[in-house]
Amino acid sequence: MKIEYNNLYTHFVFSTYNRQVLIPEHNRIRIEKYITGIVNNNSSKLYAIYANPEHVHFLVSRSPSISEEQIATIVADSSEHFINENKLAGHNFSWQRSASAFSVSKSDIDKVCKYILNQPNHHKKQSFAEEYEQFIKYYQETLQKNKVIR
């Protein structure tokens, strides 16, 4: 069945391999622009992105023709190749072999965009490990609250 209208918003979080500090500030914008292009060239739209030294957050509205796993794999593989080919990380760069994808409601788009773009200030107060643990806890609690009883 063809889907003509959709609101498939996903907040992705990728971590560098072993959470190593590999993304230098002076190459951050170049990496963000490249990832934006990858998303836009795959029938999706990027709303916000921020590449931290050991992880990246980005919010996309994706086409129903591409799954979260497919877009994550395309972004990871392409950006990893681009970063290594252009020597943007100092030495061999790779992402973890798994990522996180969190669904976002249309009413929360602005809030999530602000959160992503505020990463430098956010990480002055909270480490990536603490941030990630908080995400997982929040989404597990939400899942438990919304479980359907059969």
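Q: Welcome to this predicted model! In strand β3, which residue is the bridge partner of Ser15?
A: Strand β1 covers residues 9–15, and β3 covers residues 55–62. The two strands pair in the antiparallel sense over 7 bridges. Within that pairing, the β3 partner of Ser15 is His55.

Q: Which residue in β3 does Ser44 stand opposite?
A: Strand β2, residues 44–51, is joined to β3 by 7 bridges, and the two run antiparallel. They also form a hairpin, with 3 residues between them. In β3, the residue opposite Ser44 is Arg62.

Q: Let's turn to a pocket: which element gives the most to the lining of the second largest pocket?
A: This pocket has a volume of about 240 Å³. Of its 16 lining residues, the closest to its centre are Ala72, Thr73, Arg97, Ser98 and Ala99. The elements giving two or more residues to the lining are β1, α2 (68–85) and β4 (100–104). The top contributor, with 6 residues, is α2.

Q: How many charged residues does the lining of the second largest pocket have?
A: The lining of this pocket can be sorted by class, with 7 nonpolar and 5 polar residues. The number of charged residues in the lining is 4.

Note on methods
Residues numbered from 1 in each chain as written. Predicted model: local features only at pLDDT ≥ 70, side-chain atom pairs only at ≥ 80, totals over all residues. Heavy atoms only, no water. Buried < 20%, exposed > 50% of the residue type's maximum accessible area, 1.4 Å probe, protein only. Helix = DSSP H or I, 4+ residues; strand = E, 2+ residues; numbered from the N terminus. Pairing = 2+ DSSP bridges. 1 Å grid on protein atoms, 1.4 Å probe; cavity = no way out; pocket = protein on both sides within 12 Å on 5 of 7 lines; lining within 4 Å. Points joined across faces, edges and corners; volume = space filled by probe spheres on them. Nonpolar A, V, L, I, M, F, W, Y, C, P; charged D, E, K, R; others polar.
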